[in-house]
Amino acid sequence: MKKNLPLIVAFASGLLILIAGFIPHKPFGMLEETLTNWFMIISSFAILLGQISLIQANVTRVAHRSPNWQYYLAGLISFAGMVVFGLLWGMEKTPGILGHGEGISQNLGSKPFDYIFDYIYMPLSATMFSLLAFYIASAAYRAFIIRNFESNLLMITAVIVMLGRTSFATWITSWIPDSWGILQLPRLTDFIMQYPNTAAQRAILISAALGVVGSSLRIILGIERSYLGGGK
Amino acid sequence: MKRIVLPLLLALLSVGIGGVVPSAAPFSAEDAPWDDGTAVVLAWNLDPLRTSLSLQKADSLGIFQEISNEFALTGGYKDSGLEADAEYRYRLVAYNKDRSDSVSFTAHATTRQQWFSMQKLSLLILLAMICGAILYYIFHARRGKNLFIRRISGLDSMEEAIGRATEKGKPILFVPGISDLGDIQTIAALNILNHLALKSAEYGTELLVPCRFSMVLSAARETVKEAYLQAGRPDAYREEKIFYVTDDQFGFVAGVDGIMLREQPAANFFLGAFWAESLILTETGFGTGAIQTAGTGQPHQIPFFVVSCDYTLIGEELYAASAYLSRDPQQLGSLKGHDFGKLLVIILVLTGIVMEMAGQGWFKQFIAGGN
């Protein structure tokens, strides 16, 4: 029963959603929205599970003085700080237990929760994202090393596309007559992006879509049950 | 039955002869076809003297309120977000600034819920054909027929990666994407996690699974626990090794990067849905010298994975992985169905090209859903 019940639920839900995709009439039309709402309700309960896991993992490491335990302590303090500030003075227009905290807000310029969010959390998040620029450079360097015909082709295409996106490309190839306009770097870049690149991306998308159909069918029919822990 | 079949045939005919013929009346309002009864399609065809217009809808008190004033002599407007099975009244006031006069037209329509979305007929046919092929091959495999499935090196290397981690006495890191459980890519990742956990239990190698969402955490814990039970090593299962990091995208990346740098896993698996963080994760993993296998259904992230990982699962390979690893004939049979789907798509693309060159636009219109 422990295995069969989830399989029956998966079969019924999958089949209903599949049918609802083609029938706009009530109740089918609103079925997807209803099930999505159910998912969100269950998710909101599961948030508690995540928070418990987070606290447990960090407290255990701090208590056992695991290597780098200070980081876990910092994580716990940050977590507790945000919860306390949020509860006491709220966030944005939502008041907390002590109201809006006008006095503190006047000094900081915003509520403590919003202040930490805007001036600590957001810059930290942006810093992580900005690392991408450096990683793209190092990854591109490795990708464009000429080893064989394919990597040569990749490097030439990349140079054309990168140059083609700059004003420099217009400047160096503007002398090419319109009858040979395709050789102007900006136009050549547009061609590469619009045709070979789009074609390759769509091929991957179509193949992924077929994979989704096959995978969904296996799950609906109960053939694929690894997500339930495997077993026959 | 007649009520369903007759409109279906009429719609097919209308698609075949080149779509719905626009109304010749100056202003018309019609229930949007094949929808859930929440939209009305308005169309107008004004005389060339008109210079501006005001499209209005009557509210519950019967007072007309403007909903659009975008001018076109021949145009249309789709009023959506309406109540099903209700009557709506519209008024079009067309002005002539030079002569300082105006003319108004009224029309009304009743929204109706439909029992079939005709725009999706082509999708239904394609889906039925592909699902039919998958089922055929599943039954074919059930009868014991041998099916050839090409090798997927990214999956063949899984055992090698686990073996290396075992030899080095270092953990394996598995990231099931950054999407929630509602994403099929996450389900596919969890299916692979089951096979990986089974192997790690057999080899006695530590498995770390950081999760971005609580629902994924819960499912991942259950998946790994069952795999350890299946391997006969329930004692080796450690719940705290499958843990929640944070819901925040870059906070999660920072957390996983930190784990890679501190724990130095010998094998990293990034399988599931990834976005901008894909390269940050895999480049950090590359820096630690781990064997890396990645796979996603997001076409934009695949180049990043190809550059920084040892093995990449492209497109359908992510979804096929579990079937491939299980070696279950029924599941392998379904993979043959994918191949039929590819053949069908190739045939449709070629037919589409030929039909467009021959000026037969109805084929593209039918496949694209009459849009």
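Let me start with a term: a nonpolar patch here joins nonpolar side chains within 5 Å of one another, taken from residues with over 30% relative accessible area and no salt bridge. Hold on to that for a moment, and keep in mind that what we have up here is a predicted model.

On chain A, Phe11, Leu15, Leu18, Ile19 and Leu221 make up such a nonpolar surface patch, of about 380 Å². Take A:Leu15 as an example. A:Leu15 sits in helix α1, residues 4-20 of chain A, and its relative accessibility is 34%, so it counts as partly exposed.

Now to where the two chains meet. Chain B and chain A bury about 5700 Å² between them, and 67% of that is on carbon and sulfur atoms. Chain B brings 73 residues to the contact and chain A brings 60 residues. How many salt bridges does the rule find across this interface? One salt bridge. If you want to find a salt bridge on screen, go to A:Arg142 and B:Glu283, whose side chains meet at 2.4 Å, N to O.

Let's move on to chain B. Its domain assignment gives domain 1 at 23-115 and domain 2 at 158-309, with 55 Å between the two centres, taken over C-alpha atoms.

Over all chains, the structure holds 17 salt bridges, and I'd like to walk you through a few. B:Arg50 and B:Asp101 pair up at 3.4 Å, N to O. This pair links distant parts of the chain, 51 residues apart: B:Arg50 is in the loop between β2 and β3, while B:Asp101 is in strand β7. Is B:Arg50 buried or exposed? At 9% relative accessibility, B:Arg50 counts as buried, whereas B:Asp101, at 26%, is partly exposed.

Next, B:Lys199 and B:Glu159 meet at 3.7 Å, N to O. Here the link runs from helix α5, which holds B:Lys199, to helix α4, which holds B:Glu159, with the two residues 40 apart. B:Lys199 is partly exposed at 27%, and B:Glu159 is partly exposed at 39%.

Then there is B:Arg238 with B:Glu240, where the closest N and O atoms are 2.7 Å apart. There is also a network: salt bridges that share partners join B:Asp47, B:Arg50, B:Arg99 and B:Asp101.

One last stop, B:Ser122. You'll find B:Ser122 in helix α2, residues 121-142 of chain B. With a relative accessible area of 4%, B:Ser122 is buried. Leaving aside neighbours within four places in sequence, B:Ser122 is in contact with B:Phe366, B:Ile367 and B:Gly369.

Thanks, everyone!

Terms used. Residues numbered from 1 in each chain as written. Chains lettered and ligands numbered in written order. Predicted model: local features only at pLDDT ≥ 70, side-chain atom pairs only at ≥ 80, totals over all residues. Heavy atoms only, no water. Helix = DSSP H or I, 4+ residues; strand = E, 2+ residues; numbered from the N terminus. Buried < 20%, exposed > 50% of the residue type's maximum accessible area, 1.4 Å probe, protein only. Contact = heavy atoms within 4.5 Å. Patch = residues over 30% accessible without salt bridge, like charges linked within 9 Å, V, L, I, M, F, W, Y side chains within 5 Å. Areas by Shrake-Rupley, 256 points an atom, 1.4 Å probe, with all protein chains shown as cover. Salt bridge = Lys/Arg side-chain N within 4 Å of Asp/Glu carboxyl O. Domains from an automatic or database assignment. Buried area = accessible area lost by both parts, 1.4 Å probe.
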